[in-house]
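The sequence and the structure are shown first.

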Amino acid sequence: MSGQKQKRELSSLAVDLFPLIFVFLAVLYCFRDFRFSKRDWIVLSVFIIIWCLFEYLRKHRYSDLSTKWKKRISSHVKTYVTLIILQFVVLLYLPVPMVFWKQVITMTFGTFALDFLISFLIIDRLFRDAGNQKFVLVAGTGNKAKIVEDEVLTSHNHGYQLKGFISCDNQDVCMIESQKVLGDLDNINQYLQSNDIDEIVIALPDDQKNNIQKVLSVADYHGIRVKYVLDYHELFGSHYKITRFGQVDAVNIREMPCDGRYARLVKNCFDKVFAIIALIFLLPLFVVVSILIKLESPGPVFYCPVRIGKGGRPFKVYKFRSMRQNDDSACGVHSTQVNDPRITRVGRFIRKYSIDELPQFINVLLGSMSVVGPRPHRRYLNRQLQENVYHYMLRQYVKPGITGWAQVNGWRGPTDTEEQKRQRTLHDLWYIENWSFALDMKIIFLTIYSAKAHKAAF
């Protein structure tokens, strides 16, 4: 299900970006006599990247036509007003020629107008007109039929009009209001002869093969298209995706939002870019901390314990050494305690402000970690939590992170109690099941500014 949602988001993003690309090329043609400097190209590139980011984060989507026009237009206008303000603030501090201003202004308002035209007039009308005559009849009155009713009614503005339900023999408990049931299988043929139906949705249990065949035969006789509802929600929950396994249909169980190709590309690109920028800006701090560590106690600057990463694969984590004597890097079982005598003075300071974790941007750059994700655990702790916490190992579906949803909600540090173990796991699983790029940005912000993210540091 999440994979289908990502495809819809990707296609809507492509439509959102089309006006920007079209207007950008038109502006280049109209101002073809103007020669861009290297700085101008950089500024334009930055603007386009910002626009793409805003389009991705923008909440109005043409695929959700059930959203009220006023709300969609408000979202549309707010997005462009924010972009315009941001652009003008940047341009005010850059010495660019007047013709460059004209180009940016033309691009901004041209894109706004074309995007508005496409989103609210052309596509809106196409989607509504395409489905206005689609009358749907549902075969079944059980749980599947109830799901179909809810889905059809909530997507009524997409053009589906639910005509009613046909009762079938040997059904589960009827979940449909009696006035919506039009008859049974014996009189479905008579009903179709006197009513216009474009599509029949079969919402029967899988074991009712005879009834399913009867519906198919009647539909074929009248030349009506048929949909068969597959309901895996009760078995697999909400995170699954119907796909192909060779030449057969299959279900990817526990398909998460970050499993999609587009989602992985966005997250990996962001990780690499963010890690490079962070390491460049943190280099002076790394030098100072390294010198202080070496001056206070003998030993290496970095402590590289083995942690368990994505897919259960072990890897070495880069951390600033904060103790005089560290636990064994591969098989250590001694957790850090409050007022631990092994911690140095420098170590106490860098642990309090999580400076000791900053070298893990090297791990992000190497690909073993992500900026945001569940924190990696030691091998023995991984085994312990695997045995005691339900669904704990689902954390290993994704790369571990420098920070995570559990950490910014105050569940960092020790895992001594059952509540600490359970809450950390629940928060990590919630993050995996609800991942989005915007959520990653929120977690990074909270890591820096939220007091909860540092309250358990020692």
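## Helix pair α9 and α15

Helix α9 crosses α15 in a right-handed sense. The model is predicted. Helix α9 covers residues 261-296 and helix α15 covers residues 437-449. Their axes come within 11 Å of each other and cross at roughly 30 degrees. Because angles under 35 degrees count as roughly parallel, α9 is described as roughly parallel to α15.

On the α9 side, the contact is made by Val266, Lys267, Phe270 and Phe274. On the α15 side, Phe437, Asp440, Met441 and Ile444 take part. Sorted by class, the contact of α9 with α15 has six nonpolar residues, two charged residues and no polar ones.

## The five-stranded sheet

Five strands form an open sheet in the order β3-β2-β1-β4-β5, and the pairing is parallel. The edges are taken by β3 (181-184) and β5 (225-228). Each of these has a single partner strand, so one side of each is left without a neighbour in the sheet. On average, neighbouring strands of this sheet are turned by 30 degrees against each other, direction ignored.

Strand β2 (residues 160-167) runs parallel to β3 and is joined to β3 by three bridges. Ile166 stands opposite Gly183 in β3.

## Helix α7 on the sheet

Helix α7, residues 209-222, packs on the sheet. Helix α7 touches β1 (134-139), β4 (199-202) and β5. The direction of α7 makes about 175 degrees with that of β4.

Definitions and conventions: Residues numbered from 1 in each chain as written. Predicted model: local features only at pLDDT ≥ 70, side-chain atom pairs only at ≥ 80, totals over all residues. Heavy atoms only, no water. Axes fitted to C-alpha atoms, helices over the stretch in contact; angles between N-to-C directions. Helix = DSSP H or I, 4+ residues; strand = E, 2+ residues; numbered from the N terminus. Parallel < 35°, antiparallel > 145°, perpendicular 65-115°, else oblique. Left-handed = near helix turned anticlockwise from the far one by under 90°. Contact = heavy atoms within 4.5 Å. Nonpolar A, V, L, I, M, F, W, Y, C, P; charged D, E, K, R; others polar. Pairing = 2+ DSSP bridges.
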